[in-house]
Amino acid sequence: MEKLFKHVKDVILENKFKYILGILLLIVVDGLQMITPLVIGAFTDSLTSGMLTTQGIYKYMLYILVIAIGVALGRFGWRMSIITVAKKLEYELRNKVFKHLEKMSRNYYNHHRTGDLMAHCTNDISQIRMAFGGGTVMIIDSLFMIIVTLLLMIFKINFKLTIIALLPLPIITIFVLFMTKLMRKRFKEVQEAFSALSEIVQESFSGIRVIKSFVQEKLELEKFNKINQNDFDKNMNLVKIKAFAFPLVTLVTMISMVISLIYGGILVIDGVITIGKLVAFLGFVGMLTWPMMALGFVFHRLQQGRVSLERINVILNTKPEIIDSSLLSDIDDANDILLEIKNLNFKYPNTNELVLKNINMKIKTGENIAIIGKTGSGKTTLLNLLLRFYNIDSEKIYFNGKDIVNLSIGNIREKIGYVPQDNFLFSKTIEQNLMFSDEKIPFDKIVEAAKISKINSEIDSFELGYKTMLGEKGVNMSGGQKQRVSIARALVKSPDLIILDDSLSAVDTKTEEVILSHLENELKDKTSIVISHRISTIKNSDYIYVLDNGKIIEEGNHNELLENRKLYFDLYQKQLLEEKIMGGQSGK
Ligand code: ADP
């Protein structure tokens, strides 16, 4: 139990007085509600006995009015306390989970689907809120109401009448219990059907060009109709249970009422109870319907809350894989050698094959380095390790002469301007994307970075310039444009080391040359690592490493590598030929 509530304990304890106050108010409201039938019963009795004066009528009216105001205030009070605490819990828990997930490693995200994590952040946390809010209310409310009403009916009215009249009511609880289970199953099917529907709509519209060019509209429509029909059927299944449920509950209550009227009527005729008591009794029967239903609902709600809480606990109990070492060194000492890699081997977690084998590199401050190799040769993996996205052994990679394992992860990443292969840009304005590393960066600096990456004039040509929205609600940039914005975003940081991971693959060779020459100027006293599979991108680098199957098989500058006449030479020949063919085709 202690473990189950580990992550919600603090918020609950912090708000315990509010929560307890809410529960007390709830009980007061229930109590007041239960007095009402008794008051109406007493009123009926005085009325039938002919003893009631006009003043008496006013008195009863006043009682009922006071009770009604008390119930209204009490209801407001318990809602404001219990529901507020539950919402606060949801808010705090969501922050906690998000903060925790931000600390998780790349490896964690490789093994967890984004959709699942989103479901945890939304559904599960809402379920927990509902268990602590509505769930608590329902269980206290229903148990208190049922027990006290029963006691009042037995002791204030008649024992035998209570037992006989209430016999059918447990059917409601049992029915609701089963119905909720079935409803949950059908509701899940409805949700799945809806997801499928959204998916096909989204995919059809984003792929509309392909659909049209292959003249597949009719087939797509047929597919859509089928999925739409399924959505309709699943919704109808749910509607059927609901349509059946409410009349059934009313029917059972009515049966109880009828029994009360028959047997209660006999008791009144025999003079065992008064008419007023019978009226009060009927009021009580009506009041029991809701708690009987709630008892059925609450079981599932608490169960669901528990399952969700367990799932959230799994996330919060998973320790981040990559954390700062306890012996942090200072990163800032300048060093001639910016980066040194010594006999580095690496395999991804949960795999057996070495992806990097005995890598050795020495990169001086101010050098422009390139790494070239076929797809899958390990280039991106090497960068992932420099950025500490995966754990490595100590004494393998040194930054400014310090073992990176002992440097603050945040500090290293701040010093590196990384332009990833996938060029992810946020659905915000271009300016906001460029200011991502620091919101206070002066605008001039952004423009300067955009000029170096040769994207400035294109941004200016948009109607809203730097305020242009990107993504679905705005401009969809071309691959090459995205790459250049991504480079500018990294430059804005003024990093010590800039890393371009195949970041120029989507721009033509001419633009590439311009960007690279700008970069060379900009990066004169900075260090850069450019990764590419295209020799034209890297031929002017100070030093080039050729990676193949996780190993460095050649190194040197462009001319030295050509003289080697090995893989680099072969790649060069192949790419020259390709360029010739492409050039010929385009008529150049
Ligand atoms: P490159 O950047 O040169 O194309 P990568 O570094 O992406 O190559 O990949 C090197 C090897 O590592 C490939 O065989 C790839 O399948 C493997 N690899 C990449 N990422 C992972 C991962 N997260 N888990 C397991 N293996 C991976």
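# Exercises on pockets, sheets and helices

The lining of the largest pocket is made up of 21 nonpolar, 12 polar and 12 charged residues. The structure is a predicted model.

## Exercise 1. The largest pocket

Describe the largest pocket by its volume, its central residues and the elements in its lining.

Solution. 

Step 1. The volume of the largest pocket is about 2000 Å³.

Step 2. There are 45 lining residues, and those closest to the centre of the pocket are R106, F389, R413, F426 and F436.

Step 3. Several elements contribute two or more residues each: α3, α4 (106–111), α5 (114–157), α11 (379–386), α12 (409–415), β6 (416–419) and α16 (479–492).

## Exercise 2. The second largest pocket

Find the volume of the second largest pocket, then work from its centre to its lining.

Solution. 

Step 1. This pocket has a volume of about 1100 Å³.

Step 2. It is lined by 29 residues; N123, Q127, F187, Q191 and Q304 are the closest to its centre.

Step 3. Two or more residues of the lining come from each of α5, α7 (170–206), α9 (217–269) and α10 (275–317).

Step 4. Which element gives the most to the lining of the second largest pocket? It is α5, with 11 residues.

Step 5. By class, the lining of the second largest pocket splits into 9 nonpolar, 11 polar and 9 charged residues.

## Exercise 3. The cavity

How many cavities of 30 Å³ or more does a search of the whole structure find, and which residues line the largest cavity?

Solution. 

Step 1. The search finds 1 cavity at that cut-off.

Step 2. The volume of the largest cavity is about 30 Å³.

Step 3. Its lining consists of D502, L504, S505, E512, I531, S532, H533, R534 and T537.

Step 4. Sorted by class, the lining of this cavity holds 2 nonpolar, 4 polar and 3 charged residues.

## Exercise 4. The six-stranded sheet

State the order and pairing of the sheet with 6 strands, and say which helix lies across β6 and β7.

Solution. 

Step 1. The order is β6-β7-β8-β3-β9-β10; the sheet is open and its pairing is mixed.

Step 2. The edge strands, which pair on one side only, are β6 and β10 (551–556).

Step 3. On average, and ignoring direction, neighbouring strands of the sheet are turned by 15 degrees against each other.

## Exercise 5. Helix α14

Identify the buried residues of helix α14 and the elements they pack against.

Solution. 

Step 1. Helix α14 spans residues 443–452, and its buried residues are I446, V447, A449, A450 and I452.

Step 2. Those buried residues pack against α13 (430–434), α15 (456–461), α16 and α17 (509–522).

Step 3. After α14 comes K454, which has a positive phi, near 55 degrees.

## Exercise 6. One lysine

Is K99 buried or exposed?

Solution. 

Step 1. K99 belongs to helix α3 (residues 54–103).

Step 2. The relative accessibility of K99 is 55%. Exposed means over 50%, so K99 counts as exposed.

Step 3. For its position relative to D460, take the C-alpha atoms: K99 and D460 are 361 residues apart along the chain, and the separation is 37 Å.

How values were computed. Residues numbered from 1 in each chain as written. Predicted model: local features only at pLDDT ≥ 70, side-chain atom pairs only at ≥ 80, totals over all residues. Heavy atoms only, no water. Helix = DSSP H or I, 4+ residues; strand = E, 2+ residues; numbered from the N terminus. Buried < 20%, exposed > 50% of the residue type's maximum accessible area, 1.4 Å probe, protein only. 1 Å grid on protein atoms, 1.4 Å probe; cavity = no way out; pocket = protein on both sides within 12 Å on 5 of 7 lines; lining within 4 Å. Points joined across faces, edges and corners; volume = space filled by probe spheres on them. Nonpolar A, V, L, I, M, F, W, Y, C, P; charged D, E, K, R; others polar. Pairing = 2+ DSSP bridges. Axes fitted to C-alpha atoms, helices over the stretch in contact; angles between N-to-C directions. Contact = heavy atoms within 4.5 Å.
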